[in-house]
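Reader: I have not looked at this structure before. Could you take me through some of its side chains, helices and strands?

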Amino acid sequence: MPKTGTFVIVGGGLAGARAAQTLREEGFDGGIVVIGDEPERPYERPPLSKGLLTGGAEPDSVYVHEAGWYAAHDVDLRTTARAVAVDRSAGEVRLADGQHIRYDKLLLATGATPRDLAAPGVDLDGVLRLRTLADSRRIAAALVDGAHLVIVGAGWIGLEVAAAARKRGATVDVVETAALPLRRVLGDEIARVFANLHRDHGVTFHFGAEVDEIRGTGRVSSVRLADGTELPADAVVVAVGVRPSTELATAAGLTVENGIVVDASLRTADPEIHAAGDVANAYHPVLRRHLRVEHWANALHGGPAAARAMLGQAVSFDDLPYFYTDQYDLGMEYVGHAPPGAFDRVVVRGDLAKREFIAFWTAGGRVLAGMNVNVWDVVPSIRRLVAAAGPVDVDRLADPDVPLDELQPPAAAPGTQTG
């Protein structure tokens, strides 16, 4: 294991911060440079659309480490610094201010960038996106009692912002091109649960709708839809997804396809360069396919996995995708991966109307993913079902009287992580 040299981490988010921490915990005493383009030290993103918007989270609770941690561990944290090029032949990262930083190992944890609308008026004051801590602060300032908020996009971020806005007393319209929120991810039956949840809390949905124009003089005042509907708006949140920030990797000649392509050790085709977090399209040894995951747990665990691989340890990053959401009185956890078209049946145990259930996305009886809604302490069992090699009895899977641990099909190959 290398003890000296310089390891450079491009990306000042959770994956990068956790990688730096792991390097020190594993005994690396060489140089560590973390390059982040925001003025903030590394922080976690889930509170940006949850507790920080509702006021339920303390502002300082979002940070990965205390302010003095980086100096105390001899980590050179460079905030408001932008990497503009990677010179693989020279082993250098070039910054926008002209500095060149030499690396022996490089981790790209550059995250993702919000997609925008192709509509007039997107640059008006009051049209907001949510990716950074500064974005969250701007949106929180707009969520005042009586304000009119229009959210474009009914994905996870859009729905979490809607829930926070209603809690703060704002009137909320959600514009979505699909017929239901989260339809591609969840399928119609479970998507209706979330639609009804938000309707019960006063959110107005506009499904099958597209934004024609965002209107205002200097500042947004309304949103005009393609069918002529005009929605009053004191603020607009555009939440139509993100794209992986792969510009550095592309320019450096690394393989890029829906993210930076890496193997199970999060290594690119260049053995000195790894990638982790939202930007990495990694081979998953359990799911047996490349997968890019945009959720918190992937950064939390992927950063340390990449750090260990950079140190020469044998790493096979096989954590199953995991994420969670809190909206009003609904709490949810999701484990696994069931892309559109991959599942043939959604099996439900519990009560959809009461919003107390577990849903399983299955293909040929094999569990691809599971979601527990207001049902707790079942994630380890769901993980085992997803990681297993064979099908289960779907009728017993739907029966809440059958313990999940009695449904275990043949086990997958040894070594599957469950954390």
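Reader: Over which ring does the charged end of Arg41 sit?
Author: This is a predicted model. In it, the charged end of Arg41 lies 3.9 Å from the centre of a ring, and that ring belongs to Tyr63.

Reader: How far is the charged end of Lys50 from the centre of the ring of Tyr324?
Author: Lys50 is placed with its charged end over the ring of Tyr324. The distance from that end to the ring centre is 4.8 Å.

Reader: How many aromatic pairs are there?
Author: Rings pair if their centres lie within 6.5 Å. By this rule the count is eight.

Reader: Are the rings of Trp69 and Tyr70 stacked or edge-to-face?
Author: A pair of aromatic rings is described by the distance of the centres and the angle of the planes. For Trp69 and Tyr70 the centres are 5.0 Å apart and the planes stand at 85 degrees. Planes over 60 degrees apart set the class, so this pair is edge-to-face.

Reader: Is Trp69 buried or exposed?
Author: The cut-off for buried is under 20% relative accessible area. Trp69 has a relative accessibility of 14%, so Trp69 counts as buried.

Reader: Which helix holds Phe194, the partner of Trp156?
Author: Trp156 and Phe194 form an edge-to-face pair, 5.5 Å centre to centre with 90 degrees between the planes. The pair links distant parts of the chain, 38 residues apart. Trp156 is in helix α6 (residues 156-167), and Phe194 is in helix α8 (residues 188-200).

Reader: What is the relative accessible area of Phe194?
Author: Phe194 belongs to one aromatic cluster with Trp156, Phe323, Tyr334 and Trp361. Trp156 is buried at 14%. Phe194 is buried too, and its relative accessible area is 0%.

Reader: How many of the nine residues of helix α11 are buried?
Author: Helix α11 spans residues 379-387 and is mostly covered. Its buried residues include Ile382, Arg383 and Leu385. Among the elements that cover them are β22 (322-327), β23 (330-336) and α12 (394-397).

Reader: Which residue stands opposite Asp351 in β25?
Author: Strand β24 (residues 345-351) runs antiparallel to β25, and seven bridges join them. Across from Asp351, the residue in β25 is Glu356.

Reader: Which residue in the turn between β24 and β25 has a positive phi?
Author: The two strands form a hairpin with four residues between them. In that turn, the residue with a positive phi of about 60 degrees is Arg355.

Note on methods. Residues numbered from 1 in each chain as written. Predicted model: local features only at pLDDT ≥ 70, side-chain atom pairs only at ≥ 80, totals over all residues. Heavy atoms only, no water. Phe/Tyr/Trp six-rings, centres within 6.5 Å; stacked < 30°, edge-to-face > 60°. Buried < 20%, exposed > 50% of the residue type's maximum accessible area, 1.4 Å probe, protein only. Lys NZ or Arg CZ within 6 Å of the ring centre and 35° of its normal. Contact = heavy atoms within 4.5 Å. Pairing = 2+ DSSP bridges.
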